[in-house]
Amino acid sequence: MKKENKHIVSTPGMQEAPLVPRESRWQEFWRLLRKNRLALAGLIIFVCFFLIAVGGLVLTSGTKPVFDPAMVRLQEKLRPPFSEPRLEDLSPEEIPTLGIYLLGTDDLGRDVFSRMLQGAWVAVTIGFVAVGIAVLIGICMGGIAGYFGRNPVRVDHILFAVVVSVGAGLLLSGVFWAGGVLLATGCASVLVQRWWKKTRGTQSVPPLIRLLSQETFSIDTLIMRLVDIMLCFPVFFLILTVVALLPASMYNIMIIIGLTSWMGTTRFVRAELLSLREQDFVTAAKALGVKDWRIIFRHMVPNAMAPVLVSATIGIANAILIEAGLSFLGFGVPPPHATWGNIISAGKEFIFDAPWLTFIPGCAILIVVLAFNLFGEGLRDILNPKLRERY
Amino acid sequence: MLSFIGRSIIQKIITLVFVMVISFLIIHLAPGEPSQVDPLNPKFTPEMVERFRKAFHLDEPLHIQFVYFYRDLFTGKTVSWKDNEPVLKKIWGRFLNSLPLFIVGTILMWTLAFPVGIHSAIFRGGTYDRSATFLSYFLISIPGFFFAYILILLVVNTFHVPVIGMRTFGLGETSWLRIIMDRTWHLLLPSLLGATGGIAVLSRYVRSQMLEVESQDYVRTARAKGLPQEQVHYKHALRNALLPFVTMFGLILPALIGGSVIIESIFSWPGMGRMAFEAILARDYPIILTVNFISAVLVLAGTFISDLLYMVVDPRIRL
């Protein structure tokens, strides 16, 4: 790094002419990535895994899939990897597509290769959707806390929130009349407040109304205390509880993992926005009359993306691990659908007779999660100039 | 100092109240009821279910159930719905089983992570550092249950010792040495597995702290004075790098009650995690809520202790 800087500075004419940087952001990113071998390997594995997962989705879904992950052949159970099918026992449609059992078969004679292909897509979707939800909530919460943080919450805001949430709760629990009335009161109070502001302006108000606009605590306090509350729950235990109570489905798992892992992102985004808020380009945008939300999402959040990207990459790895753990305990994606965790959990009874049922999906999870972790850590080094000099 | 303590205690109590409300709502608003766990059981006649609902206040509205539950919890009268045993007694018994796992795991974690982290920071960029880095990512990424099976296969096949459960059944009256060895073998694997993630993360953290301090000016000064390398590393750098880890004594407190569900169910270890898992399966709400409550208290107490410790050891942030 230092050498190159010197080189750039000593180029003649540097001071006057080229204001455009030598290399674009992507070129610089690529150069640094190529230097970091582990991160590059992580990225390559990640891309391969993604392609395999998409291919797996195409090849294993539909009514007549190329690789059928649910085809049961009881006469061919627990065959080791690379074994030839006994053709005389099988009807034509039961013969595996590749002609051999590439990764063996499980205790029902299902082809492990097809099941692994199907599971790859599950791992991708769970990882990306769960982290997508977490990042979305995290950016919104962090953005509000970082940008509007100093704005106080007034008593009437609290009253409004309480009335509306109690109303919604009553509606959901079946008390339609009281719930509807409360919700309507809540909505009406907003309209009344608008009208009041328009007609009265800043005239003197009676003390009771003044009590309503009493300032209590800041929005920042509210959101950060919410983060503290969420951090009090033991995460895996909470996920397990909710997954066990709700009907088993893949989407529930994604949503729950997402809803319980947004706290880190919120903290990162808030911290970044707190420092960005004081910078000149934000002041300039405000002076130009740009709307608050546009300043947050168009001007500030892109500048705060680096730590979010890093934590999202590592978050995907964690989500895949959590799903595997849930499947292992029997609370994962419901049975006919194959996931890597399901294959291990079904194969654990045959660990001495059929070790491939444990080792193939186990190694697959390990490699994919390792790739995400390595790439995420590499990304941290690349995106943060302060860390680069360390090596 | 006193005002800080007072303020943060009040704040933590408010947080705790919200945790109580939210966990209660999550459990009770989820679809299904504990009385429906086993609908095919012929003993569960409608009258039975009705009596059951009455005995545990399930026929009352939610807010009254909430008050009843936490009143019972604070007076220590909560009973498990499954076997009518006092919850606190049950948790205490399981806690004593989990305690050795926690102690051995913590000792392993701290004694392994520190030397590795310090060593790889001192020789940064070298072969040792790079292989330690890769190994720690490997340990973070490996699914716990998969690693557990690999270790079980390895240990059972090479040393021919049983490792599942807390002790070998039917050992009977043998010499105390054998009993101790047996207990050690049973204890070692699950606590090592529980500590793997911690070892990896902690050693990375130690390394980055050490690097941070080693790039400070006073370390360069110490080097420039011609002090021997050992003295620079261990006396000047390490002491300051250790500062944030003092606070981690507070943060490991929640792990006391966490107990790994997966590891404990693989090793059939009758600890906290297993009990919580069984309670979830049986929809035994009092146990789930009590475990949740205690762990929230421990998290809050842990952060409080770590804040206090930080103020004691670091004069820069004393208020």
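Residues are numbered from 1 along each chain as its sequence is written, while chains are lettered from A and ligands numbered from 1 in the order in which they are written. In this predicted model, local features need pLDDT of at least 70 and side-chain atom pairs count only at pLDDT 80 or more, whereas totals for chains, interfaces and linings use all residues.

User: What is the mean pLDDT of chain B?
Analyst: pLDDT is the predictor's confidence in each residue, from 0 to 100. In chain B, 93% of the residues reach 70 or more. The mean pLDDT of chain B is 83.

User: How many helices are there in chain B?
Analyst: Helices (H or I, at least four residues) and strands (E, at least two) are DSSP runs, numbered from the N terminus. Chain B has zero strands, and its number of helices is 15.

User: What is the radius of gyration of chain B?
Analyst: This quantity is taken over C-alpha atoms, and the globule rule is 2.2 Å times the number of residues to the power 0.38. For a compact globule of 319 residues the value would be near 20 Å, but chain B has 25 Å.

User: Which helix of chain B supplies the largest share of the side that touches chain A?
Analyst: Two residues are in contact if their C-beta atoms, placed from the backbone, lie within 7 Å. By this criterion, 33 residues of chain B meet 34 residues of chain A. Helices that each supply at least two residues of the chain B side include helix 1 (2–29) and helix 15 (285–313). The largest share, six residues, comes from helix 15.

User: How many nonpolar residues are on the side of chain B that touches chain A?
Analyst: Ala, Val, Leu, Ile, Met, Phe, Trp, Tyr, Cys and Pro count as nonpolar, Asp, Glu, Lys and Arg as charged, and the others, Gly among them, as polar. This side of chain B has seven polar residues and one charged residue, and its nonpolar residues number 25.

User: Why does helix 8 of chain B lie largely in the open?
Analyst: A residue is buried if 20 or more other C-beta atoms lie within 10 Å of its own, exposed if 12 or fewer, and partly exposed in between, with C-beta atoms placed from the backbone. Helix 8 (residues 217–224) has eight residues, and it lies largely in the open because the number buried is zero.
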